[in-house]
Structures are given as structure tokens and as C-alpha cells.
Amino acid sequence: MDVHDSGTREFDGDNGDFRRVGVLYDERMCKHHTPDGIYHPENPNRIRAIWNKLQSAGIHKRCVVLNGKEAEDKHILAVHSKKHVDLIRNISSKEFDSRRDRIASKLNSIYFNKGSSESAYLAAGSVIDVAERVAKGDLNSAIAIVRPPGHHAEHDEAMGFCLYNNVAVAASFILNERPDLGIKKILIVDWDVHHGNATQKMFWKDSRVLFFSVHRHEFGSFYPATDDGFYTMVGEGSGAGYNINVPWENARCGDADYLAVWDCILLPIAKEYNPDMIIVSAGFDAAVGDPLGGCCVTPYGYSIMLKKLMNLAQGKIVLALEGGYNLDSIASSMLACAEVLLNGRTMNKSSETYPFESTWRVIQAVRKELSPFWPMLSDELPDDLISKKAPLPILISSSDSEIEDDEASNAGLETLEEVLRGMTLSQSEVKEDSQDQVLNATYPWRSELSKTDVWYAAFGSNLWEPRFLCYIKGGQVEGMKKLCTGSMDKTPPKETLWKTFTHRLFFGHEYSNTWGQGGVAFLHPESNSEEKSYLCLYRITLEQFNDVLHQENRGSGFLSNNPLFDLANLNTVTSKHLNSIEIPAGRGWYHNLLYFGKERDIPIVTMTCSHLDVEDFKSGKVPLCAPPKEYVDTLVKGLVEGPLSKEEALIYVQNASTKPL
């Protein structure tokens with residue numbers, strides 16, 4: 001089929017398709033990428049992987065294929081401020097070359113480059129375009145393979161990889177600019193693993209939009225880490241009752257958990273609401289194997305969730321890509337959804353699993369909160385239904401960061417290929433049997449990075465070698481409340497030595513998973529000739545350093561299937577003489593890599609907080625806090641085995657705890 005000037009391939013119906021489905025993809029949206037080429041989970045390969053998967057399955061031959069279309073400012077301004085629109089329109093222009101990175105650094109999880117503006121306008125405009133076609137009846141349904149994603153983009157600020165709120169812009173356009181299409185009520189289903197904070201706010205008082213978000217929340221500790229995603233947030237004014245949040249209390253939720261929410265909350269309300277159209281914020285970061293999501297939804301699960309929605313709004317559904325960072329998972333999940341839109345066919349049935357007990361608890365709390373607005377939720381769920389539950393698996397967390405199990409879904413990586421064919425990974429199987437368990441699967445990067453040595457410069461509890469060896473061999477020392485998984489390569493450091501550096505040691509945060517109540521150590525990323533800190537250097541491989549980095553930041557008992565700091569990153573800091581580089585460590589506290597030069601031609605690196613984090617500590621947004629006794633004891637043991645006496649070590653720690661930043 002040829003692409004016409006309009007950018008549309010004509011659907012000829014010769015392939016036995018039952019429905020007219022649009023698929024929009026445009027390579028121009030790949031122009032948005034990190035300015036320095038450093039890896040970032042939200043990268044162009046996300047949409048390329050999906051498009052390649054659909055092509056290899058022949059989906060493009062059965063659909064109306066569309067090119068992207070840029071949005072107009074007047075339509076974006078319906079949900080975003082003029083200041084924000086002006087910034088995104090101009091951020092890629094030459095006049096911003098010298099300050100583009102600085103502006104991005106002041107925003108929450110955002111990068112900009114010379115292609116960001118065009119990509120943002122294409123993403124928003126493309127969702128408008130397919131939504132309009134579905135609303136008019138030219139298409140029965142559509143898939144918009146767009147990036148950057150949108151559901152975190154606030155009225156006046158980019159946030160969380162999102163520049164414009166693509167779904168909110170499209171919904172506003174249909175309701176306000178095209179009333180002639182007869183779409184008076186829109187259901188927005190956000191199944192991205194993160195709460196759709198911005199979409200919620202944009203329709204907070206608007207009953208024309210029923211907004212539904214199911215997401216990891218963990219009582220406000222999971223990104224975007226606010227109370228906005230709690231189930232008590234139900235809307236206001238005429239929008240009261242039209243904002244539905246289902247906040248997971250834990251990671252590892254899978255097909256059974258999501259489908260229970262569909263049957264017990266979303267579908268009863270949606271049938272009563274009777275929407276004229278559905279837009280899905282289709283993030284696939286709750287998919288099994290996602291490096292940021294930590295949940296276990298399979299392609300089969302997504303296909304069933306979508307098929308259940310097809311019974312509403314005459315099947316007028318638009319899927320707009322949001323998050324999702326495992327390329328295999330997002331591609332397979334979107335393919336499963338495409339098959340449903342085309343002919344209602346779902347993937348092979350998964351094995352039987354049950355929701356977690358916490359899932360039933362959340363479902364019941366949500367139903368109770370919403371029952372004044374939706375009386376059908378007042379009925380108690382049958383005991384024989386809620387008694388079917390799976391136990392939460394026990395995972396090992398070893399991070400000083402206050403996050404836990406973000407990559408739990410990477411367990412059982414050897415069976416991921418089967419999972420992606422539609423088999424369900426039973427939640428009860430996602431576990432660590434012991435601290436000595438390692439993944440059987442191997443990855444080329446491990447072999448490559450094992451050939452390069454670095455000096456890891458420790459300044460906190462890792463000053464004491466037995467504590468540091470927990471990150472290498474696994475286990476725990478006295479005072480630690482959590483086991484460490486250990487590294488894939490459990491070989492101890494080849495050498496250790498002590499050095500001083502002109503950086504400030506301080507302690508922050510009030511609680512950590514490993515040590516409990518009290519602060520943990522950070523090193524100020526800026527050098528200061530008036531400061532002196534004692535660091536213990538461990539000579540380990542770059543592979544081992546990545547496993548330590550992973551355990552410090554992601555808090556999971558499962559080792560990473562991708563490096564956080566690879567040879568390209570190392571070459572960047574050493575060749576360009578950069579003193580720091582940030583890595584994609586999710587919400588971990590030690591995501592800023594400092595480079596201290598070389599010792600015997602081997603790079604010296606450590607991990608600490610970013611400059612922005614330091615400002616949060618200074619302002620009190622994040623508390624400075626003295627460390628607990630067990631943490632101090634561990635520090636002192638390390639310092640005494642190094643250059644200081646016990647008295648000197650205690651004074652050193654005391655000064656770091658009390659001296660203002």
C-alpha cells in the first residue's frame with residue numbers, strides 16, 4: 001500500500017480485518033534524545049522497537065498507517081500555560097543552545113536537545129489527529145506510537161520525561177473544539193505504572209472526563225511521590241467522583257491484580273458513565289521486566305484489559321503510548337493490543353494466579369471511597385472472591401536509598417522469553433530463595449565490563465570492608481536491617497587504599513531501608529579546598545561497580561540486566577575531564593557519579609547525590625539528619641582500620657553531622 005500525500009495508507013480490507021484501525025508512527029519523534037548521547041530509559045529505541053514489532057507481525061498491512069502531525073499552540077494552550085508553551089516551542093532553537101541543559105536540570109527528570117520541540121509538537125498533534133479520526137468515525141480505533149510521553153507534564157512545567165500532556169491536549173480538543181462530533185464524555189484510562197498526576201489535575205473539576213489511574217503508589221513514596229495518587233483524591237466540584245485512583249501498596253502486581261481492579265472498580269463505573277470515547281494512556285512500564293516499574297503484567301494481561309474496554313463506547317478507543325522501558329515488553333504488549341483492536345483476539349491464556357491480599361485491600365478501600373458517587377460499589381465483595389489471594393514474595397533489599405524492589409519483575413529472567421509469548425509469570429514465583437542466588441542468564445555487557453578495573457571510592461558505611469563485601473558477596477553485618485544480594489562476580493577487591501579528597505561529608509534523610517531511623521552519608525559533589533574527607537578505595541571491576549551501584553540505588557534483590565554506568569560513560573568522564581555524570585538510577589539517592597582522576601592509571605569513581613539534591617538539603621526540603629548509632633559504629637570501624645584513631649574517627653563523624661552545609 002502506498003502512502004498518500006496526506007500521510008495515510010488506504011485500508012483495502014483484503015486481509016480479513018474486522019475493524020478499521022489506525023496506527024500512527026513518525027521517525028521524526030526520534031529526534032528527541034539526550035544531548036550528550038548518554039543512555040536514558042526514555043529514548044528513541046522505544047518507539048522504533050514497537051514499530052518494528054508491528055511491522056514484523058504484518059500489523060501495518062492490516063491498518064491505516066498514519067504519519068505524525070504537529071499540534072497547534074492554541075490547542076496545547078487549552079491545558080498548558082503560555083509560559084510553558086513558549087518554552088517548549090523555543091527550547092530547541094539556537095538561542096537556547098547555551099542554557100538548554102541548565103533549564104532541564106532545574107526540572108524534574110527532563111532533558112532537552114535540538115529535536116525536543118519538534119518531537120513534543122508531533123507527539124501532542126499526533127494524538128489529537130488519531131483521536132479526531134476515531135471521534136469522526138473514520139477509524140474504529142487507533143494506536144499512537146508517540147514520544148515524548150505526556151501524563152506527567154503539568155499545566156506550567158515539563159516533568160517525568162513528559163513535555164506536553166498529549167492525552168489531555170487531545171481530550172480537550174475533542175470536547176471543546178469539536179462539539180460537532182458528538183463526543184460529550186471521555187473515559188481516560190491510565191495504566192502506566194506511574195500516577196497520571198498532570199492529567200488528573202487538568203480534569204479535576206470536569207465531569208466530561210472520567211479519569212482512571214492504576215499505579216504503584218506505596219503511600220506516596222513511588223514516583224511522582226506525592227499524595228495526589230491516593231484513592232481519596234476523587235475530584236472536586238462538578239468533577240467530584242470522576243477521578244479514580246487505584247494506588248498499589250507494593251511492587252510485583254500482575255495480570256490477576258489488574259484484572260481484579262477492572263472487574264471490581266473500572267468496568268462497573270465505566271458502564272454507568274457510558275463514555276462516548278476512550279483514550280488510554282498506554283504506558284507499558286507495569287510490564288514484566290520493566291527496569292523502572294517493578295510489576296508483572298504480561299502481554300496477555302494487557303490484551304484482556306483492552307478487550308474488556310472494547311465493550312464500551314462502541315469500541316471507539318485510542319491508545320497513546322506513555323512509559324515503558326523494556327523494549328521487548330513494550331513491543332510485545334503493544335502487538336497484543338493491536339490484535340485486540342483489529343479482531344478482538346487475545347493472546348494465549350495465562351496460568352491461573354490470584355491477586356495479592358494488598359490488592360483486595362486497596363480495591364475495597366477504593367470502592368468504599370467512591371460509593372457515594374457510584375452506588376453500585378456499595379455492595380460488599382463476596383468472601384469467596386476476596387479469599388483468593390497470593391502471598392507477597394519476600395525480596396531482599398540492600399539499598400541505603402528509601403526505595404525498594406523497583407526491579408522485582410526482573411526475577412526469573414531466564415523465562416522472560418516465555419512470558420513475552422503470553423505466558424504468565426506467577427507472582428508467587430517472583431522471589432529470591434537466598435542471598436546467594438544469582439541469575440543464570442548472562443549478558444554481553446558483563447563480560448565486557450569485567451575486563452576494566454576502577455577504584456570505587458567509599459565514604460559512608462562502605463568504609464568498613466566487611467560492610468562493603470556485603471555488596472560483593474552478599475549478606476549483612478551487625479546493625480544492618482536488610483540483607484544484600486551481592487554481585488554477580490563475588491571476587492573480593494584486588495586492592496584497597498586510603499586517600500583524602502577536598503569534598504564535604506554530610507548526612508541526610510531521616511530513614512533508610514538498610515539502617516532504619518537516622519541519616520546516611522553523602523559527599524558534596526563540589527570540591528572545596530577547605531574540606532577534607534577520608535575515602536577508602538576498593539579496586540574492583542566495572543561490572544562489580546555496576547552491581548554495587550544498582551544495589552545502592554534500586555534497592556532490589558535482583559541484579560540489573562543493563563549497566564547503569566558503562567564504558568561509554570567512563571570514557572566520557574575521563575576523556576572530557578568531567579567531575580560528575582548522572583545515571584538513570586530511578587529514585588535512588590546515589591545517582592550522581594563523581595570522577596576523581598586516576599590512581600596508577602585506573603579511574604577513581606564514587607556515587608553521591610546531585611547538585612539539585614544538595615539544594616534540597618540546604619533548603620530543608622530534604623532533611624539533614626545525624627546517622628544512627630549502628631551506622632556511626634560501622635563508619636568508625638572503617639576509619640580505625642584506615643588512617644584514624646577511634647577518637648579522631650568519632651570527631652570526624654561528629655563534625656560531619658553537625659556542621660551546616
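1. In this predicted model, strands β5 (residues 209-216) and β6 run parallel and are joined by six bridges. Within this pairing, phenylalanine 212 stands opposite isoleucine 244 of β6.

2. Strand β6 spans residues 243-248, and six of its six residues are buried, so the rest of the structure largely encloses the strand. Burial applies to both faces: Asn243, Asn245 and Pro247 lie on one side, and Ile244, Val246 and Trp248 on the other.

3. The whole structure contains 34 salt bridges. One of them pairs the side chains of lysine 201 and aspartate 228, with an N to O distance of 3.7 Å. Lysine 201 belongs to helix α7 (residues 197-202) and aspartate 228 to the loop between β5 and β6, so this contact ties together parts 27 residues apart in sequence. Lysine 201 is partly exposed, at 43% relative accessible area.

4. Aspartate 206 and arginine 208 also meet through their side chains in a salt bridge, at 3.0 Å from N to O. Aspartate 206 is buried, with a relative accessible area of 15%, whereas arginine 208 is partly exposed at 30%.

5. A further salt bridge links arginine 446 and aspartate 547, whose closest N and O atoms are 2.9 Å apart. Arginine 446 lies in helix α14 (residues 444-449) and aspartate 547 in helix α16 (residues 542-554), so the pair ties together parts separated by 101 residues in sequence. Both arginine 446 and aspartate 547 are buried.

6. Asp453, Lys494, Glu495, Arg539 and Arg600 form one network, joined by salt bridges that share partners.

Definitions and conventions
Residues numbered from 1 in each chain as written. Predicted model: local features only at pLDDT ≥ 70, side-chain atom pairs only at ≥ 80, totals over all residues. Heavy atoms only, no water. Buried < 20%, exposed > 50% of the residue type's maximum accessible area, 1.4 Å probe, protein only. Helix = DSSP H or I, 4+ residues; strand = E, 2+ residues; numbered from the N terminus. Pairing = 2+ DSSP bridges. Salt bridge = Lys/Arg side-chain N within 4 Å of Asp/Glu carboxyl O.
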